[in-house]
Amino acid sequence: MLLKKKLNLLYFILSLSLFVSLYFQENSSGGSKLDNILTKHFIDYFQIGLAEGLNYFIKSGQVHSPVFYIIIAKTKLLFGNQLSSIIYIIISATLPLLFYNLLKKKFIYADKEYLFFLSLLIFLSPYFRSSASWLTNDNFAIILFCLSLKYFLKVKNNKDSITKNFFLCFIFLSLAAYIRQYYGIFIVIYIVELIKKKNLSLLINCILLNLILSLPFIYYLYYLYIENNLFFHSSNPSNVNIFDNIIFVFSIIFIYLMPFFISTKLKFQNIKNIIIKNIKLI
């Protein structure tokens with residue numbers, strides 16, 4: 001009980017630290033401040049009006065989603081700049097709690113205090129802190145994604161109504177993808193799980209739901225590429241340095257595998273044997 005109180009106090013202190021980051025405009029990730037400056041023009045135009053904002057957004061050659069900037073523009077109109085930033089700090093502070101909730105569902109028999117402590121490590125992430133300070137879309141998207149995972153784990157554990165959980169799972173994933181498109185790739189995993197249920201009625205209903213959820217995106221693509229003739233306009237494939245991208249991707253993989261390489265319990269030979277043994281699965 002004493003440890004739980006200490007962890008709750010630690011969560012409160014770390015949440016307050018985000019307000020300190022806001023005050024000092026922390027940019028420990030290195031890119032959030034620049035992102036805020038670059039996207040401020042979009043927000044300004046969306047504050048004028050939706051049509052004006054979309055026209056400026058598209059004409060500036062943007063191919064990612066405008067949804068987050070629309071939300072922030074309307075929020076700033078309602079509450080002002082300062083209060084909007086405070087609201088985003090509060091929203092961002094819910095991410096460790098959501099992550100803790102996911103850990104509890106995934107690791108049912110693990111020590112709850114230990115899982116809560118692990119979730120608090122999110123507060124140390126430069127990207128999390130900088131996104132909270134500079135009001136970028138990273139934190140909001142991952143919160144929506146965590147909500148999607150929450151219901152996906154309920155589906156996996158066969159808890160409550162499977163139909164309801166699948167619907168909420170797809171709805172929150174769709175919302176996350178409307179903020180940051182790359183979350184949409186996880187729909188493949190969800191559909192595989194859906195097929196495993198061998199429920200034709202549920203499968204049809206979920207497909208219809210996803211078609212409905214995709215309608216705004218389909219219309220936006222039509223408006224972007226057909227009406228404005230911007231197909232492939234904003235990026236030139238010949239300018240992509242494939243070699244640099246490969247090096248970048250492998251460097252990320254290496255960083256995430258480092259804990260396994262340096263672990264005293266799992267030597268390199270063990271990793272090699274595991275990979276060879278499960279090569280088909282990999």
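Is D138 buried, exposed or partly exposed? D138 is partly exposed, because its relative accessibility is 28%, where buried means under 20% relative accessible area, exposed over 50%, and partly exposed in between (1.4 Å probe, protein chains only).

The views below come from a predicted model, in which local features need pLDDT of at least 70, side-chain atom pairs count only at pLDDT 80 or more, and totals for chains, interfaces and linings use all residues. Residues are numbered from 1 along each chain as its sequence is written, and side-chain values use heavy atoms, with hydrogens and water left out.

**View 1. A salt bridge between D138 and R180.** The two side chains meet with N and O 3.7 Å apart; a salt bridge is a side-chain nitrogen of Lys or Arg within 4 Å of a carboxyl oxygen of Asp or Glu. This pair links distant parts of the chain, 42 residues apart: D138 lies in helix α9 (residues 138-156), and R180 lies in the loop between α10 (162-179) and α11 (187-196). Helices (H or I, at least four residues) are DSSP runs, numbered from the N terminus. R180 is partly exposed, at a relative accessible area of 23%.

**View 2. A salt bridge between K156 and E193.** The closest N and O atoms of this pair are 3.5 Å apart. K156 belongs to helix α9 and E193 to helix α11, so the pair links distant parts of the chain, 37 residues apart.

**View 3. E193 with K197.** The side chains of K197 and E193 also meet in a salt bridge, at 3.9 Å from N to O. K197 is partly exposed, with a relative accessible area of 25%. Shared partners join K156, E193 and K197 into one network of salt bridges. Across the whole structure, a search finds five salt bridges.

**View 4. The cysteines C169 and C206, in no disulfide.** A disulfide is a pair of cysteine sulfur atoms within 2.5 Å, and the structure holds zero of them. For C169, the nearest cysteine sulfur is that of C206, 8.5 Å away.

Conventions. Helix = DSSP H or I, 4+ residues; strand = E, 2+ residues; numbered from the N terminus.
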